[in-house]
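This report concerns the packing of nonpolar residues and the pairing of strands.

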Amino acid sequence: MQQSNEFELYEPPTDGISSVAFSPNSSQFLLATSWDKSVRLYDVYSNQLRSKFEHKAAVLDGCISDNFQGFSGGLDKRVKMFDFTTSKETILGTHEDAVKCTEYTTETNMLITGSWDKSVCLWDPRVQEALVGRYMQPSKVYSLDITQNKLVVAMADRHVYIYDIRNMKETMQTRESSLKYMTRTVRCMPNGEGYAIGSIEGRVAVEFFDPSPESQSRKYAFKCHRQAIEGVDYVYPVNALAFHPTHGTFASGGGDGVINVWDGFNKKRLRQFPRYPTSISSLAFSCDGTMLAVASSYTYEEGEKDHAPDSIFIRTIADSEVKPKTLPNPSPNPQ
C-alpha cells in the first residue's frame with residue numbers, strides 16, 4: 001500500500017529501471033534510465049515526463065550536469081549527451097563494450113564513464129573532441145562514484161581503485177573489496193572521507209580513504225537485506241546505496257524490496273521503510289536531502305517470474321528519518 005508521504009511518477013519506463021538520478025542543484029528534475037532503451041527526464045514537482053530520449057539498446061546509467069544537460073550510456077556502447085531545452089542529442093564517443101556507469105563532477109565539469117571494456121573515460125562535454133582520456137583498469141567496471149576529486153572505481157574480481165581525478169595516470173590507492181562476493185554498487189561519503197560498497201551477498205562495507213592504521217581500524221562490514229522464511233535464510237543483493245547530502249547517513253536498497261537507512265558513524269540502523277512491490281534497483285537523494293527517488297524494479301535475482309510493474313516512487317524524507325541519533329566524536333570520526 002502506498003504511503004501518504006510518497007507518490008508514484010506517471011509514465012514510468014516499460015522495462016527494468018537501471019538508474020535514477022536527481023539534478024545536482026535542483027530537486028525538481030530526475031533522470032531515469034531503463035532496459036526499454038529510454039532515458040526519461042521527469043519534473044518531480046508537477047509529476048510530469050518532460051523529455052524522453054532513446055538509445056539503440058538497454059540504457060544502464062545516466063546523470064545530470066545541471067538542469068539543462070543529461071548524459072547516459074548502455075549496451076549500445078555509446079556515451080550520449082542530451083540538451084533538455086532543445087532536445088538535441090549528441091554522441092560524445094564510445095566504449096568498446098557496454099557503458100555501465102556515468103557520473104558528472106561539478107568540481108571539474110567532467111563526465112566520467114566506466115565500462116565492461118575495462119576502462120574509465122573522462123569527457124569534457126563543452127568541447128567538440130570530448131574525450132579527455134581513457135584509462136585501462138584490471139577488470140570490468142561495475143560501479144564508480146566521486147567525492148572531492150577522489151574517484152572510486154569498483155570492478156569485477158573485487159578490485160577497488162581510488163584516483164585523484166586531476167591525475168588519472170596513476171592510482172592513489174589499489175584495494176581489494178573487503179566483501180567476498182561480487183560488487184554491485186559503490187557510493188562516496190559527502191564529506192570526502194570514504195565510501196560504502198554493497199555486494200550481491202547482502203553485505204555492505206564502510207571504508208575510509210586515509211591509509212593510516214588509526215583510520216583503517218574504523219572500517220567495518222555488516223549483513224543486511226536478508227530474511228528467514230520458514231526456517232530458510234534468504235540472502236538478497238544490495239543493488240543500491242545513496243548517501244544523504246547533509247547528514248552523511250545512507251540508504252541501502254536490496255533485492256528484497258526493502259530500504260534501510262543506516263547511521264554509518266554509530267553503526268546503527270535508523271529506519272526501515274515498508275517493503276516496496278519488488279526489488280529496489282536504484283536510489284537517489286535530492287540535492288537538499290528532502291526527497292528519495294526509489295526505483296522499484298525486479299532485478300531477476302530469482303530468475304524469470306511474475307513481478308510487480310516497474311515503478312519510480314518519490315518519498316518525502318523527514319529529518320528524523322535520516323539524522324544520526326547521536327553525533328560522532330569530532331576526531332577521528334567524520335562529521
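Val 294 touches Ile 259, Tyr 276, Ile 280, Ser 282, Leu 283, Ser 311, Ile 312 and Phe 313, leaving aside residues up to four places away in sequence; contact here means heavy atoms within 4.5 Å. The model is predicted, so that local features need pLDDT of at least 70 and side-chain atom pairs count only at pLDDT 80 or more, while totals for chains, interfaces and linings use all residues. Residues are numbered from 1 along each chain as its sequence is written, and side-chain values use heavy atoms, without hydrogens and water.

The largest nonpolar core has 16 residues, of which Ile 259, Phe 273, Tyr 276, Leu 283, Phe 285, Leu 292 and Val 294 touch the most other members. Such a core is a set of buried Ala, Val, Leu, Ile, Met, Phe, Trp, Tyr and Cys residues joined through side-chain atoms within 4.5 Å, buried being under 20% relative accessible area (1.4 Å probe, protein chains only).

With three residues, E28 gives the most. A second, separate core of 15 residues includes Cys 101, Val 141, Tyr 163 and Ile 165.

An open antiparallel sheet has the strand order E14-E15-E16-E17, where pairing requires at least two DSSP bridges between two strands. Strands E14 (141-147) and E17 (173-176) each have a single partner strand, so one side of each lacks a neighbour in the sheet. Five bridges join the antiparallel strands E15 (residues 150-155) and E16 (residues 159-164); Ala 154 has Val 160 in E16 as its bridge partner.

Key. Buried < 20%, exposed > 50% of the residue type's maximum accessible area, 1.4 Å probe, protein only. Helix = DSSP H or I, 4+ residues; strand = E, 2+ residues; numbered from the N terminus.
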